[in-house]
Amino acid sequence: MSRTVSSWILSSARSSVILQGKGRCYSICIPNRNRIKWKLVFSKTCPYPAGSCSLDRTFSFPKAFRHTSTEEEHISFQLSPAQINDILRAGELSHRTLGLHGKSSNSVLRFESNQLASNSPIEDRRSAATCLQTAGMMFGVFDGHAGAACAQAVSERLLHYIAVSLLPRQRLEEIELAVEAMKPVRPILQRHRHPSDVEYQEITSQYFENLRVYWQHLLDLDAEPGFSLEEAMICAFKRLDSDISLEVQAPQENELMRNIALQVAFSGATACVAHIDGVHLHVANTGDCRAVLGVCEEDGTWSTLPLTRDHNAYDEFEIRRLKREHPRSEEKTLFVNDRLLGILMPSRAFGDVQLKWSKELQHSILENSCDVESLNIYQYVPPNYHTPPYLTAEPEVTYHKLRSKDKFLVIASDGLWEMLSNEKVVQLVAGHLTELNMQKPPLTFKKPVNLGYMHNLLLQRKSKGLASLDQNIATHLIRHAIGSNEYGEVDPEKLAAMLTLPEDLARMYRDDITVTVVFFNSEAIEGYHRNQ
């Protein structure tokens with residue numbers, strides 16, 4: 001991106017007119033092979049003033065080089081390569097599964113993840129965990145809107161709801177007896193976190209109590225719960241969303257906890273969660289996050305297998321579903337300007353009680369809450385709001401039996417998919433894997449080995465470009481998503497400009513981006529098939 005284009009972006013932003021009323025309009029610059037065209041779209045953030053969460057806490061990406069406003073007198077779009085790397089790599093997270101003798105029998109070999117903020121603070125969240133009392137691993141990406149509160153709560157809680165849904169009755173009884181006797185309870189998940197990931201510590205105890213009520217409900221069932229994995233994921237999604245709604249309706253003396261519950265319920269989040277156990281892959285999706293499988297065919301070519309559908313106004317299945325659930329008289333008002341009731345882009349989400357509750361319930365909750373305006377929460381009833389709920393958190397679950405040619409799974413928020421196609425993402429991951437393997441020549445030692453000889457070998461590796469290559473594949477994808485030119489190559493000037501855009505301008509060009517890539521162990525998968 002040349003300085004001329006950078007200046008044009010800035011001057012356009014300073015002279016742009018923000019439409020007043022029910023929502024903001026954003027201009028998004030879309031690269032094209034021969035020209036840059038501008039497309040006017042509505043913000044993904046709900047236009048009703050549910051606002052950002054003042055209690056939001058998230059890890060801080062380096063912001064020393066990011067401007068806060070287009071009104072600043074001197075704005076520079078220049079960053080050094082080292083500064084670019086510092087920003088891009090701040091949210092990196094990776095984990096490798098290891099078995100005996102350093103070899104893993106797990107079908108998951110490793111995962112790599114990263115995030116890049118556009119909103120301040122970032123509204124995306126992610127989760128990864130190993131199941132300790134059942135088999136498998138889980139990975140989730142959560143895309144918040146109208147603040148980060150709902151995405152934060154869902155990322156903390158959803159995997160536990162799924163894990164509890166999968167426990168046998170005997171284990172649930174043991175956990176309940178231990179809690180009653182105030183004895184330690186063996187954890188059901190081992191979370192894999194970024195060092196700066198945070199939780200709402202003040203409300204953790206309430207979250208645990210509501211999770212306990214859920215497993216008590218499962219114990220109250222006449223027979224063994226016996227959920228299939230698909231049923232467990234659907235039940236967990238729906239139950240957590242119900243709890244989010246009920247928590248804000250329950251009397252609460254603690255003002256901080258009351259405010260958190262309000263902000264969680266009146267913001268929203270989409271979610272995509274994968275559960276992997278041996279060769280069994282289940283993906284549960286609510287909203288417009290996406291999961292895509294990278295497949296290496298026998299001839300060495302790569303293909304793409306989407307495992308989710310985007311739940312929005314562009315999906316015919318979603319349109320038909322909503323029409324079935326509401327009177328024919330509302331057919332023309334269900335989607336307005338490609339948004340649910342003219343407000344929300346995704347047609348499935350957690351939270352967003354403004355599109356689920358009756359008008360009377362919304363009014364009652366907000367009237368009885370203290371100073372909700374300070375939380376940026378206001379009552380807003382959209383036009384043609386007659387037969388709620390219009391929004392659901394029920395996921396669509398896809399099952400896939402892993403094959404040795406299935407090499408990796410990419411789960412990401414729509415900030416990535418708005419910039420890169422499914423095919424391009426798989427191509428980038430596959431190319432990155434090939435390049436890493438090519439740039440790691442074996443270290444052959446001559447005897448006797450001395451420090452000078454070792455130093456020369458390392459310099460040879462560095463000269464081949466290994467040192468400049470992103471080791472984390474999620475970082476590689478984010479770099480290409482925001483920095484690629486019309487030829488698919490990363491343009492350092494464009495990349496620097498996209499990273500230094502002022503906070504009030506960044507959202508016009510890119511959304512928050514969260515990416516998790518799960519790499520599969522082909523040998524373990526082949527072993528599973530041989531033993532069946």
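Two strands count as paired if DSSP finds at least two bridges between them, and the strands themselves are DSSP runs (E, at least two residues), numbered from the N terminus. This is a predicted model, where local features need pLDDT of at least 70, side-chain atom pairs count only at pLDDT 80 or more, and totals for chains, interfaces and linings use all residues. Residues are numbered from 1 along each chain as its sequence is written, and side-chain values use heavy atoms, with hydrogens and water left out.

**View A. The six-stranded open sheet.** Reading across, the strand order is β3-β4-β17-β16-β10-β11, and the pairing is antiparallel. The edges belong to β3 (93-96) and β11 (302-306); each has a single partner strand, so one side of each has no neighbour in the sheet. From one strand to the next, the twist averages 15 degrees (axes are lines fitted to C-alpha atoms, and angles run from 0 to 180 degrees between N-to-C directions).

**View B. Strand β16 and its surroundings.** β16 spans residues 406-412, and six of its seven residues are buried, so the rest of the structure largely encloses it. Buried here means under 20% relative accessible area, with a 1.4 Å probe and protein chains only.

View C. Six bridges hold the antiparallel pair of β10 (residues 290-296) and β16, and here Leu293 sits opposite Leu409. β17 (residues 513-520) also pairs with β16 in the antiparallel sense, over five bridges. In that pairing, Leu409 faces Val518.

**View D. Out to β11.** β10 and β11 run antiparallel, joined by five bridges. Look for Val292, whose bridge partner in β11 is Pro306.

Key: Buried < 20%, exposed > 50% of the residue type's maximum accessible area, 1.4 Å probe, protein only. Helix = DSSP H or I, 4+ residues; strand = E, 2+ residues; numbered from the N terminus.
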